[in-house]
Amino acid sequence: MLSVRLYGAVGVFADGVEVPMGSLKQRAVLALLALEAGRVVSVDRLLDELWPDTPPTTAISTLQVYLSRLRRLFGDDAAVLRRRPGYALEMSADRIDVHRAVRLLDAGRAALQAGDATAALAALTTAGELTSAPALLNLRDQAGPVVEREVGHLTDIDLSVRELHVEALLATGQAAPAVDRSRALIAAAPLRENAHVLLMHALYRSGRQAEALGAFDKVRRLLAEELGADPGPALRRLHGQILQHDPSIEDAAGGGSATLAEHDDGIVLGSPSAPPATGITPTVATTPTVAIAGRVAGAAGLEPDGGLLVGRDATLQQLQVALDAASAGHGSLWVVEGEAGVGKTTLAGAVARHASAIGFDVAWGRADEAALDVPYWVWQQLLRALPDLPGEGGIAALAGFPAPSKPPPAGWLPLVAAVADRLAAVPSATLLVVDDVQWADDASLALLVELGERAGLARLVVMCTHRTDATDSRLLPFFSRLARTGVGRRVELVGLAPADLPAMIGAAVPPDVLAAVHERTNGNPFFVAELVKAATTADGLDVATLATALPGSVRDVVLARCAALPSGTRRLLDTAAVAAPTGDLGVVEAVARLDDAIFDNALDAAVRAGLLVEHMTTHPVVRFGHSLIREVMLAQLRPSARARLHAAVAMELLARPVADGADSDLVHHLLNGSAYLEPSVVVSALVTAATTGLYRFSIDTVERLLRRALQVLAATPQSPTSPGQELAVQLMFGRTVAARIGWPAAEAQAAFARAADLAVAALAVGEPVDELCLTAVAYVATALAIPGESSSLAVLADRLQPHADDVALGRLLDFILGCRCLVDGAAEAAVPLLRAALDHEKSDARWSLLLRTFGRAYLGLALSAAPDGAGAALAVAAEAVEVGTGESPQDRGAMLTWRAVIAAAVGDHAIAEADAAEALELTRAGGMAVYESFAGVVHGWAQATAAMTEVDAGAALAARVAAVDRVIAAHARYRAAGRHAIDPLMDRLKAESLLAAGRSN
């Protein structure tokens, strides 16, 4: 079984024996992956470590070599996986020394707090054995910036283990070894005050009081010389206890070690450098205090500072009024809230600078998620930052003592009230800023409320920033009490409006790009700023990139937010990202396949974190707070995983009773998940979508669906259902291409020819004559008739002749022969053949739409050639329009075009113009270029040859000339589509139009 060591020389070991693994860079990759085991390490982070200055051109390929070698080395014991935006090591944490040490450290701490010192000592002894060697020893000489940081983290873990180990020794009465361990700890970290506390305690327990007091003097001199500082409260406290022979520090039964002893005022001693461990980093910063002082020259009012404060004028004005009121003794408490990145801290910084400039004392404290169990963490920062604040009593207690290690008892309420009274009585105007109040400990929140209740009569403004996407129910009592104070105010910052973005971007941006940026970011200033950075090159801002860039910083922020969410949330977000943009909640839930309770919990967490927004409509949906969040989630999914989710969503949509084959959402998932779907299912669904999609899709979209269906069929082994499916697809594809480009188009003719071959082959093996077979042959006949292919129509008739004993096929032969007569100019002979074919539809349900529509159109053309056939021709054409109207807009457009052509043929200007006008709209919208050219010629002809009165002769002539120009243009497009059987009629209409405008040439 393989294990990884990061303390000492970095390497992989098999049963204690190191496995050869190559260069230091190879080991650096191992170290970074092992430190973050189970989590993604970005490619950028790996490259920064391996080549801190300038990566070579082969950097990516070299990195992949290192990763490949690691995969071979680990075999089945671990996995190095590709996960966007980098790689992750999947390995048991117990087989990586640092992770095992952190678990033992947490176990030891828990055992000490539970009073089981023996178990604690055992756990901490084992942890100390794991961390005893210098961290990342063989990488230090060539370390990049990432390893340098990690050396510090690992060293902190070792120091924490050693400190707690000494506490366990003291708790089990082993003072003598505790002395030696404490001195070794001081040698490793001379300025770590808690090590000196432990040494003093161990010496005193060993009966060496004088040495304990001498140790205090020694550390006092050290701190003065090195830092110019006095010993901290824990050292001073223990020094006093030793002088007073305090019985609580006499032995293990008297209260434990110094860091666990209780203060007589109820304040618990503890080290702010070692709060409870979280993950691989068990320490937090000791004093993250920010004090704002000084004056800003010329500050006359609160002005936005920097691009992130664009669009915040109204909020700034409110806070300006609050500062003015506080100067007059009417204070207030403000909570500025919003999602991460919306600009809360930036706003607070601007307010703080202005307050300092007008004479306020300003103090800033930031709550820390890692210090939730450390009472008064925020107030330690705030009180130490305030000038001239008396250091006695409760103020001194809160500002001076290190962070306690357990929540405050109820007995602390008098202390809270006393401190609030003192702060409210400060004579100078004061601004206190509490950043990230959602992570403030309960004791800090209690003091905030107490102070808020007194702020109304004080020269005090308290301003808190609150991340709404990271809050929890713990803050509800705080907000409830705040509302009752009468001086509490809550202001929500939301994303910037589109009109504010140009000022923030700092460059002229086209409206479409600006709309895309706002749609992607929802106006979140952080996201906008990061997009601008990503789109900025040495030559300036690449505006087009704003609409497409996905900055690594945004990925990191979103993924960090996801990592903090409960089990199942990532699966939910991945599914929602693929199911978007509609995001039907029922579909997302079905595809995510999570337990109901886990799904509800994950959805609640994602909504509270601002990642998802739930819309409760007739069909509840979930959408992402920003499109960028969805883009990040999609980028993390491997292509195969994304395709599988698309397939699952498609199947869920198909299985629903309300599923609509024409739904663009379904089509999207079918096209992207086809690799994981049964080919016949994909083809059938695409054909259904294309068929019903004629109502709402452009003809280009329908053609794309059919092309994809043909690709799926071509890549699929032949099955009993394949010929029938291909026949249906070829028919629709040919018809679509013919309508868009022209019936003579090579692709259309090839599709119809293939359909004819499939139909005739089916007849040859005795397949029944069904509607699909009849339709296929009819389409081929139409495809040959429109371009005037008389000889090809004859060949088609000969191929069908052996099967003419079927009545329907016999009537279909009539249709083919009637088409041939029409093409050959024998209109009178075509009429009875076409009538016989149409009469058959009344008794045969297999008679397809094409035969019912084009049969009437061709019959109308044949009748129009007869001297007295105008009325009958228009009547039949009207029937064709009625039949076509019941199918789709494209079918109605085609039949209106044919009726317009027939009306033109018989000289009926009114019908020709009206039908051609509507046909132009329908064919244009549907992308039916050939029919649009037909209709264009007829519409222009009808207007060019209209009667002209003497009254409006001038205007009518101008309209006539414009109509002729349209005829010429439409006729050119018509001719470009290839030869047609109605060429003589189209040429005649153009000639009549030219003559009407006086263009005899």
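Colleague: In which sense do S2 and S3 pair, and over how many bridges?
Modeller: In this predicted model, local features need pLDDT of at least 70 and side-chain atom pairs count only at pLDDT 80 or more, while totals for chains, interfaces and linings use all residues. Residues are numbered from 1 along each chain as its sequence is written, and side-chain values use heavy atoms, with hydrogens and water left out. Strands are DSSP runs of E with at least two residues, helices are runs of H or I with at least four, both numbered from the N terminus, and two strands pair if DSSP finds at least two bridges between them. Strand S2 (residues 11-14) and S3 are paired in the antiparallel sense, over three bridges.

Colleague: Which residue in S3 is the bridge partner of Val12?
Modeller: S2 spans residues 11-14, and S3 spans 17-19. The bridge partner of Val12 in S3 is Val19.

Colleague: Which strands stand at the edges of the open sheet, and why is one side of each left without a neighbour?
Modeller: The open sheet has three strands in the order S1-S2-S3, with antiparallel pairing. Each edge strand has a single partner strand, so one side of it lacks a neighbour in the sheet; these strands are S1 (2-5) and S3 (17-19).

Colleague: What angle does the direction of H1 make with that of S2?
Modeller: Helix H1 (residues 24-35) packs on the sheet and touches S1, S2 and S3, where contact means heavy atoms within 4.5 Å. Axes are lines fitted to C-alpha atoms, for helices over the stretch in contact, and angles run from 0 to 180 degrees between N-to-C directions. The angle between H1 and S2 is about 80 degrees.

Colleague: How are H2 and H6 oriented to each other?
Modeller: Helix H2 (residues 43-50) and helix H6 (residues 145-171) pack with their axes 6 Å apart, at an angle of about 95 degrees. Arg45, Asp48 and Glu49 in H2 meet Pro145, Val146, Val147 and Glu150 in H6. Angles of 65 to 115 degrees count as roughly perpendicular, and H2 and H6 are therefore roughly perpendicular.

Colleague: Is Asp436 buried or exposed?
Modeller: Asp436 lies in the loop between strand S10 (430-435) and helix H16 (442-454), and has a positive phi of about 60 degrees although it is not a glycine. Buried means under 20% relative accessible area and exposed over 50%, with partly exposed in between (1.4 Å probe, protein chains only). At 13% relative accessibility, Asp436 therefore counts as buried.

Methods. Parallel < 35°, antiparallel > 145°, perpendicular 65-115°, else oblique.
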